[in-house]
2 protein chains.
Amino acid sequence: MKPISWTVTSREGNARTGILRTRRSVIETPVFMPVGTQGTVKGLRFEALESDLDARIILGNTYHLFLRPGLEVIRACGGLHKFTSWNRSLLTDSGGFQVFSLTDLRRLSEDGVEFRSHIDGSKKFLSPEISMEIQAALGAEIVMVFDECPPGKADVETAQKSLELTARWAKRSRISFDELQANGSDTGFVNLGFEEASAQKELSGTQALFGIIQGASHMNLRRESLDRTIEIGFDGYAIGGLSVGEEKTVMYDVIENIAPAMPYDSPRYLMGVGTPEDLVEAVARGIDMFDCVLPTRNGRTGSAFTSNGQINIRNSRFARDTEPLDVDCTCSVCQRHSRAYIRHLYQANEILAGILITHHNLAFFLDTMKKVRQSISLGVFSAFRRDFLSKISASDVNDENGG
Amino acid sequence: MKPISWTVTSREGNARTGILRTRRSVIETPVFMPVGTQGTVKGLRFEALESDLDARIILGNTYHLFLRPGLEVIRACGGLHKFTSWNRSLLTDSGGFQVFSLTDLRRLSEDGVEFRSHIDGSKKFLSPEISMEIQAALGAEIVMVFDECPPGKADVETAQKSLELTARWAKRSRISFDELQANGSDTGFVNLGFEEASAQKELSGTQALFGIIQGASHMNLRRESLDRTIEIGFDGYAIGGLSVGEEKTVMYDVIENIAPAMPYDSPRYLMGVGTPEDLVEAVARGIDMFDCVLPTRNGRTGSAFTSNGQINIRNSRFARDTEPLDVDCTCSVCQRHSRAYIRHLYQANEILAGILITHHNLAFFLDTMKKVRQSISLGVFSAFRRDFLSKISASDVNDENGG
């Protein structure tokens with residue numbers, strides 16, 4: 001039995017809808033996964049994620065949780081689900097991306113990467129084996145291999161070298177992961193109390209492991225990385241190393257060339273991307289899963305995503321504006337609160353401003369994905385895509401460029 | 001017809017339960033009113049205040065809302081209820097207390113008080129007439145007279161002089177308030193869309209005005225202030241100028257002497273007080289209404305009120321503690337989250353820490369008042385009071401002194 005199942009339910013061009021089943025939830029794809037870096041989707045109560053937004057899967061960041069509260073606390077509290085009270089699916093990243101963002105604080109070797117904690121400066125070490133051990137202790141439904149993430153504009157030699165290392169680390173991740181599953185290190189392995197017991201049927205109850213395709217902007221390297229990742233064999237496949245400084249056209253090119261070549265019967269995950277426009281464009285090219293900090297991070301800086309583009313609530317033209325953030329949105333924030341009120345909260349440094357905009361932004365992202373799924377299943381995705389992109393970019397309310 | 005009605009439903013000694021009806025809600029007393037200084041109870045969504053906590057009345061601060069967003073914005077948005085989306089009762093203070101806290105920035109005259117905004121340093125002026133005008137524009141169900149609030153340790157001469165000024169200002173407040181009600185300046189005056197239409201029956205639909213008794217710690221001055229306030233005549237009566245630096249025994253003495261002498265058939269409101277212990281002690285002395293920033297402010301600094309006393313979640317002994325904040329609490333936070341998780345959120349600077357502790361603290365305050373009401377109506381309040389105070393002060397989990 002497999003840890004997860006994923007089946008295509010409809011297609012239009014390269015876009016597809018599917019049903020992803022994990023031991024803890026049933027997830028319709030394409031799906032956007034809210035980011036819960038430190039065991040919380042910043043500013044939202046889990047009740048809102050469950051009932052109002054109906055998120056079925058969220059992310060946790062291995063790097064952050066490893067540093068704080070640390071593995072011993074997470075283990076003592078029964079793993080990340082029990083610690084946070086989130087009983088639906090979790091995906092944890094490997095920690096690699098964060099570590100490689102600490103350019104001044106790290107030292108890379110074949111074995112792994114030594115770095116200094118951004119919290120207290122203490123020396124830490126991550127390797128494929130340690131990342132797998134942490135992710136088993138966290139107990140997410142989906143675990144990511146430990147990879148090296150080169151800059152988006154890395155030259156071919158750098159990217160090739162990085163790809164080779166990532167391939168060797170992927171193998172070590174796979175071996176270590178399998179051992180941990182066999183010896184019961186996964187804290188998320190439970191057979192009772194599932195929210196959706198049906199999700200468990202015909203599943204092994206263990207964690208799933210996803211491979212990551214690297215290669216920067218070099219298409220031949222991306223192809224090579226894809227082949228070597230498939231060769232090892234994973235439960236799902238991700239494209240990493242995009243939206244890290246390269247041109248947007250390069251990103252779209254990589255997705256267009258690589259996504260359709262990724263295994264058809266496994267979920268395809270585009271890591272760390274992106275704006276609503278990016279999501280729709282990537283779905284058109286064959287992607288099924290997304291995560292990004294944009295809706296939560298922008299929510300805290302007053303920036304709201306709307307069907308007419310982004311607006312920043314700090315703008316004085318909203319001071320007496322009794323319309324909701326997005327007149328087309330049905331979320332609980334837009335049903336209740338005006339731009340004028342949310343602007344006042346923001347100007348007055350009230351945390352409710354961030355809470356409300358974050359909630360709306362996530363509602364907008366999740367609702368967009370719902371519309372994407374509906375239009376694919378009705379065979380009208382290409383029309384939806386055209387209308388969506390035209391509306392979101394043409395309006396005069398657009399305060400800022402996304403990304 | 002009166003703007004509000006209040007009737008005693010049961011008594012035990014000086015303690016009493018009652019039903020307060022306003023044009024927007026039915027409020028069981030004794031009641032604790034959460035403080036929503038800038039048009040938001042910090043960190044809470046209104047949905048939580050309504051459904052989970054079932055608060056029937058909250059406070060707004062005239063001083064803060066006058067400075068930001070300002071009257072023009074509030075008026076353009078239809079008053080404070082419509083602006084914030086809170087459709088239950090509101091009480092607004094007069095702005096006096098905040099202005100008199102700005103000791104270095106204000107200049108007092110017979111007419112009113114000139115002060116500098118703490119936001120931008122600009123010169124502002126408040127008087128009884130201006131305070132009434134602002135409070136009419138805010139449109140709360142209960143309006144407070146504009147008073148001078150001397151320090152708790154003010155000598156008899158200072159307190160007497162202040163009391164005289166407060167009495168003259170109370171008269172001016174009354175006159176100005178009545179004019180504003182007559183000329184329709186109250187934005188909260190609406191005849192439709194009440195949450196509880198029954199609350200409107202036999203009520204005038206206008207705002208209610210409460211008088212404030214001052215006199216610092218001098219009992220003869222307190223008595224004089226009480227007489228002069230009653231002479232003017234108000235819909236309810238408040239004790240102001242307590243919990244402002246005087247000894248706790250002085251506060252209890254003033255309440256014990258003054259509260260039972262306040263009109264029996266009107267609600268008695270103790271302004272800005274206090275800890276859960278203070279609330280229970282003041283109810284025993286005849287008080288019906290309270291407000292205080294403690295549950296919300298302490299929530300943001302990691303301090304939780306529990307039936308066993310206050311705990312501070314930063315304490316390292318909670319790092320692996322899987323118990324809820326208060327094992328006896330039935331609020332949504334205590335039903336779901338552990339001390340270990342909330343401590344982690346606090347240590348990681350996640351705003352969810354403040355959101356969760358604030359929610360629990362308000363639940364604890366409101367639940368305490370519910371138990372107070374139940375015990376009075378069952379005639380077992382004195383036993384409740386003894387048990388409550390003994391439990392809350394004796395436990396070894398008590399991290400800090402309240403207040």
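Phe384 of chain A is buried in this predicted model, with a relative accessible area of 16%. A residue is called buried when its relative accessible area is under 20%, so the value of 16% for Phe384(A) places this residue in that class. Phe381(A) is likewise buried, because its relative accessibility is 3%. Both residues belong to helix α14 of chain A, where they lie 3 residues apart, about one turn of the helix.

**Aromatic pairs**

Over all chains, the structure holds 24 aromatic pairs. One of them joins Phe364(A) and Phe388(A), whose rings are stacked with 6.5 Å between their centres and 20 degrees between their planes. This pair links distant parts of the chain, since Phe364(A) is in helix α13 (residues 351-377) of chain A and Phe388(A) is in helix α14 (residues 381-394) of chain A, 24 residues apart. Phe381(A) and Phe384(A) also form a stacked pair, with a centre-to-centre distance of 6.4 Å and an angle of 25 degrees between the planes.

The relative accessibility of Phe364(A) is 6%, so this residue counts as buried. Phe388(A) is buried as well, its relative accessible area being 11%.

| Aromatic pair | Centre to centre | Angle between planes |
|---|---|---|
| Phe364(A) and Phe388(A) | 6.5 Å | 20 degrees |
| Phe381(A) and Phe384(A) | 6.4 Å | 25 degrees |

Aromatic residues also form a cluster that includes both chains: Phe46(A), Phe83(A) and Trp86(A) belong to it together with Tyr341(B).

**Charges over rings**

In chain B, the charged end of Arg16(B) sits over the ring of Tyr264(B), 5.2 Å from the ring centre.

Strand β1 (residues 5-12) of chain A runs antiparallel to β2(A), and 7 bridges join the two. Within this pairing, Ser10(A) has Thr17(A) in β2(A) as its bridge partner. The two strands make a hairpin with 2 residues between them, and Gly13(A) in the turn has a positive phi of about 60 degrees.

β2(A) also pairs with strand β3 (residues 26-29) of chain A, in the antiparallel sense and over 4 bridges. Here Leu20(A) stands opposite Ile27(A) in β3(A). β2(A) and β3(A) form a hairpin with 4 residues between them.

In a regular strand, side chains alternate between the two faces of the sheet.

**The sheet β7-β8-β9 of chain A**

An open sheet in chain A is formed by 3 strands in the order β7-β8-β9, with antiparallel pairing. Which strands lie at the edges of this sheet? The edge strands are β7 (106-108) and β9 (123-126) of chain A, each of which pairs on one side only. From one strand to the next, the twist averages 20 degrees. β7(A) and strand β8 (residues 113-116) of chain A run antiparallel and are joined by 3 bridges. Arg106(A) stands opposite Phe115(A) in β8(A).

Methods: Residues numbered from 1 in each chain as written. Chains lettered and ligands numbered in written order. Predicted model: local features only at pLDDT ≥ 70, side-chain atom pairs only at ≥ 80, totals over all residues. Heavy atoms only, no water. Pairing = 2+ DSSP bridges. Phe/Tyr/Trp six-rings, centres within 6.5 Å; stacked < 30°, edge-to-face > 60°. Buried < 20%, exposed > 50% of the residue type's maximum accessible area, 1.4 Å probe, protein only. Lys NZ or Arg CZ within 6 Å of the ring centre and 35° of its normal. Axes fitted to C-alpha atoms, helices over the stretch in contact; angles between N-to-C directions.
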